[in-house]
Amino acid sequence: MIRSMRTLCFIAVLVSTAASAWAQGQPFRVLAFYSTHVEQDHVDFALQAIPFFKAMASRDHFDFAATSNWDDMNPAVLKQYQVIIWLDDEPATLAQRAAFQDYMEQGGAWLGFHIAGYIDNRKIWPWFADFLGTVFYGNSWPPLPAKLDIDDPAHPAMKGLPPTFVSPANEWYSWKPDPRSNPDIKVLMTLDPSNYPLGFKDTLTGGDIPVTWTNTKYKMIYTNIGHGDKIFSNPTQNLFVENALLWLGNASK
């Protein structure tokens, strides 16, 4: 009897291990949300991001889809995907926001670009303000290149990146409070102080301004890059985007 029990337990372990290995071997699935009725520079970014991610999906063996229907931000659709991307907009309705919150709290993953982090009052969506770890405070204008410093070279999203690089022309945001002051936030990239003053019409004059970070309570990365049609012109930055998505999808490059 004892021998039979041991045999059954051993078989159960083998089945569980095999099932886990099979699941880990499956391509992860990514759904990118975008809009075409927002600021043209944000549309331009999204329309370049979609073929970038399609090519990446073919190269790195995952499934990628994009939709401009934000009503797809619902539980039935979200549960089919391991990673959600916001390219140039954010959920507008209470139902969409509730679906996304539940998705993230149930272990989903998120990659947000630029305008995805534009919330200038935590009362607009308190949960998202906590999720992001801060709110928008100001910006530079016009879009300009900027030198970025890598804060955490050991993070998988920073794999293979040099200590600094010059990011293509972008509108840069500042934040209040500083995301770094939140114990749940791990900053990955920051504007280098040599950039200041950054901008002409609207100017960032100094201070600690993170560009990319993760909230360690979730599987997420927010990055401020994503304005205009020059974002994918830098191979170093492209490597970061690829690393970030593969990390969120639990894949390795």
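1. The lining of the largest cavity consists of five nonpolar, no polar and two charged residues (Ala, Val, Leu, Ile, Met, Phe, Trp, Tyr, Cys and Pro count as nonpolar, Asp, Glu, Lys and Arg as charged, and the others, Gly among them, as polar). The lining residues are E90, R97, Y118, I119, I124, W125 and F128. A cavity is a set of points, on a 1 Å grid over the protein atoms alone, where a 1.4 Å probe fits but cannot get out, and lining residues have an atom within 4 Å of a point.

2. The model is a predicted one, in which local features need pLDDT of at least 70 and side-chain atom pairs count only at pLDDT 80 or more, while totals for chains, interfaces and linings use all residues. Residues are numbered from 1 along each chain as its sequence is written, and side-chain values use heavy atoms, with hydrogens and water left out.

3. The largest cavity holds about 30 Å³ of space. One cavity of 30 Å³ or more is counted. Here a volume is the space filled by probe spheres set on the points, and grid points are joined across faces, edges and corners.

4. Helix 2 (residues 40–60) packs with helix 6 (residues 235–248) at an angle of about 60 degrees, and their axes are 12 Å apart. Helices (H or I, at least four residues) and strands (E, at least two) are DSSP runs, numbered from the N terminus. Axes are lines fitted to C-alpha atoms, for helices over the stretch in contact, and angles run from 0 to 180 degrees between N-to-C directions. Helix 2 and helix 6 are therefore oblique to each other, given that angles under 35 degrees count as roughly parallel, over 145 as roughly antiparallel, 65 to 115 as roughly perpendicular and the rest as oblique.

5. On the side of helix 2, F52, F53, M56, R59 and D60 meet N238, V241, E242, L245 and L246 of helix 6 (contact means heavy atoms within 4.5 Å). The residues of this contact divide into six nonpolar, one polar and three charged.

6. W141 and P142 are joined by one, with omega about 5 degrees; P142 lies in the loop between strand 5 (135–139) and strand 6 (144–150). Y196 and P197 are likewise joined by a cis peptide bond, with omega about -5 degrees, and P197 is in the loop between strand 9 (185–191) and strand 10 (210–215).

How values were computed. On a 1 Å grid over the protein atoms alone, a cavity is a set of points where a 1.4 Å probe fits but cannot get out, and a pocket is an open set with protein on both sides within 12 Å along at least five of seven lines; lining residues have an atom within 4 Å of a point.
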